[in-house]
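Please walk through this structure with a few local features in mind. Keep the sequence and the 3D view side by side.

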Amino acid sequence: MKLFLKRHYTQLPHPHFKHYHSKQSELIQLCREGSLSDAVTLLCSINAKITDEQNVVSKPVIYATVVHACTRSLHFTVGLQLHSHLIKSGLDADRFVGNSLLSFYFKLGSDFNDTRRFFDGLPYKDVVSWSSMISGYIRVGKPRSAIGLYLEMLSIGIEPNAFTLSAVIKACSDIRELRFGKCLHGVVVRCGFECNEVIAAALIDMYGRSCRSSDCRKLFDEMPEPDAVCCTSVISAFTRCDLYREALGVFYLMFRKYGFMPDWFTFGSALTALGNLERLRQGKQVHAQVITGGFHGNVFVDSSLVDMYAKCGVVEESQRVFDRMEKKNTVSWSSLLGGYCRKGEFEVVIEIFRVMEKDLYSFGTVLRACAGLANEKLGKEIHCQYLKRGSWRDIVVESALVDLYAKCGCIDFAHRIFLKMSVKNLITWNSMIGGFAQNGRGEEAVRIFDQMIRERVEPDYISFIEVLFACSHSGLVDQGKKYFVAMCEDYGLKAGIEHYSCMVDLLGRAGKIEEAEDLIINAEEFKRNPSLWAALLGACATTTNPTVAERIAKKMIELKPDYHLSYVLLANVYRSVGRWKDSQTVWKQMQTRGVRKIPGKSWIDKTSFNPLFCTSFPEYV
């Protein structure tokens, strides 16, 4: 019996061991509460009291907890001291301690290369270690390195978990790597993670950034119970794909069907969609929801409000929201700048640009304002500021520079910038074609247009306006007709009033008045449009067929009785054929109806501003 009791009591814990466990629980609680200094003090006291054997058994978990507390409380120096102690005690080889230290260096270290060196030196790397490192590469803006590390992980036989896959999918989103992203989607299905909300949101974002809106919608519809993050992801994806109506549909579905309260990012995406659709009334309703939801004051939401009101043409309201913002960023400044530029208040744009925090978008906007004012000197000053900031190769700014110099008459300078651009978008091509056309170099505009087609850049509505304008002012009748037909038949674009106006001007300048008249009559949608008949009326000034000119002038008077040039042309036609009484009758009719000639206007550049001068011409009597 004594032997039994002796053997039994040998299994009871030592009093120090019980004391150690209570201290361990206290230490973990201190770490959770963020009391790092108290936790370190307690750790030192535990080290002084427990035996070496107990150190080996229990210390790794304790140290991993304390290192994690250092990371959460941003105490980098204390973490370094702990790492040094762990190396001396040989505990840095433990898996949990190693992962905690990796997370510590990844989140608090100033040089990511140090994190990589620590990772390479880990004796044991599990999926948590690899996932942390992959996520680290994404955070420092190296998504390709993250993908490479993922492939390296697979090559040594480590299977990814949900966190790994969501991180690598995020890397694919950042670099628009759709093909590899689809492969990861297959891995997600194979591993059974397709119902994981975090992964689903990452996949929706990846497809959205690759402009695969149908895949986004399919993923969203297949989810049995989408959460708020997935709803927000699909709204953002639709907004990025310019599917603003679809984005708003999901936004209203989000809280009407699923009962989710939108967060600040959801409100920002919805306001972006409303601004692009110019839905001011709904925008005000969402603004009210922002206030009642407590998101007023969030810089992202407030910037979206500034942008929404600016795009809806209510710049005054946009300015009020901007003025109430406690914190402003480059997005809010640029949104306000874009609103004034869109409204044509170019001088205000330049004033704001002088005092704002500048980014690439602001340079593009202020250069458009300079182009609107045809202010070459100021445009060159801003061009110099752009170059001094590091000569960014930004396609938006460089396209704006091409447009600026073209509108200021420096067409050769614009062409040099165009040729040096490594990447050109459709706006760049249109600016160059329009620049040559407006500066009387129609043949070169046509050459640039043909070059654009050869480089497989598909022309749009604006492209055909510019090339038809070039043909009109260069007498390229046959080419103009060819482009007009190709626009409808080859590219499926519906001809607008601007295209018909260019064609009427083209045919009128070539003396083909009756052909131009037939073109207008056959245009069902525009055959009673005064601007087309006005363009044809201008061509009649040089015609030798007074009958046609009389018919067109009378048609124009019928459509727009207050248009003075109709009367002037008709009176001149009558005088040219000796019908003096009819000419006098037209002048009297003009006076009776109160039709007055519009005075001529000119811009005169004087110092740093452009005052408007008017010169009134004597009226016909």
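Does S210 count as buried or exposed? This is a predicted model, and every value below is computed from it. At 18% relative accessibility, S210 counts as buried, because the cut-off for that label is under 20%. S210 sits in the loop that joins α12 (197–209) to α13 (213–222). Leaving aside residues up to four places away in sequence, S210 touches R176 and L178.

Start with its length. Next, ask which residues of α17 are buried. They are G283, V286, H287 and V290. Look down the axis of α17: these buried residues fall within an arc of 110°, so they line one face of the helix. An α-helix has 3.6 residues a turn, so residues three or four places apart point the same way. On the other side of α17, R281 and T292 are exposed. What covers the buried residues? The cover includes α15 (244–256), α16 (264–277), α18 (299–311) and α19 (315–324). Just after α17, G294 takes a positive phi of about 80°.

Turn to the aromatic rings. A pair of aromatic rings is described by the distance of the centres and the angle of the planes. A search of the whole structure gives 23 such pairs. One of them joins Y405 and F413. Their ring centres are 4.5 Å apart and their planes meet at 45°, so this pair is tilted. Y405 is buried, at a relative accessible area of 1%. F413 is partly exposed, at 27% relative accessibility.

F418 and W429 form an edge-to-face pair. Here the centres are 5.2 Å apart, with 80° between the planes. F418 belongs to helix α25 (residues 411–420) and W429 to helix α26 (residues 426–438), so the pair ties together parts that are 11 residues apart in sequence. F418 is buried, with a relative accessible area of 1%. W429 counts as buried too, at 1% relative accessibility.

Rings also gather in a group. F251, Y252, F267 and F295 form one aromatic cluster.

Charges meet rings as well. The charged end of K125 sits over the ring of F119, 5.3 Å from the ring centre. K358 lies over the face of F353, and the distance to the ring centre is 4.9 Å.

Finish with the cysteines. A disulfide is a covalent bond between the sulfur atoms of two cysteines. How many disulfides does the model contain? The count comes to zero. Take C370: the nearest cysteine sulfur, that of C408, is 7.9 Å away, and C370 is in no disulfide. C370 counts as buried, at 0% relative accessibility. The cut-off for a disulfide is within 2.5 Å. C502 is buried as well, with a relative accessible area of 9%.

Notes
Residues are numbered from 1 along each chain as its sequence is written. This is a predicted model: local features need pLDDT of at least 70, side-chain atom pairs count only at pLDDT 80 or more; totals for chains, interfaces and linings use all residues. Side-chain values use heavy atoms; hydrogens and water are left out. Rings of Phe, Tyr and Trp (its six-membered ring) pair if their centres lie within 6.5 Å; planes under 30 degrees apart count as stacked, over 60 as edge-to-face and the rest as tilted. Buried means under 20% relative accessible area, exposed over 50%, partly exposed in between (1.4 Å probe, protein chains only). Helices (H or I, at least four residues) and strands (E, at least two) are DSSP runs, numbered from the N terminus. A charge sits over a ring if NZ of Lys or CZ of Arg is within 6 Å of the ring centre and within 35 degrees of the ring normal. Contact means heavy atoms within 4.5 Å. The arc is that of the directions from the helix axis to the C-beta atoms.
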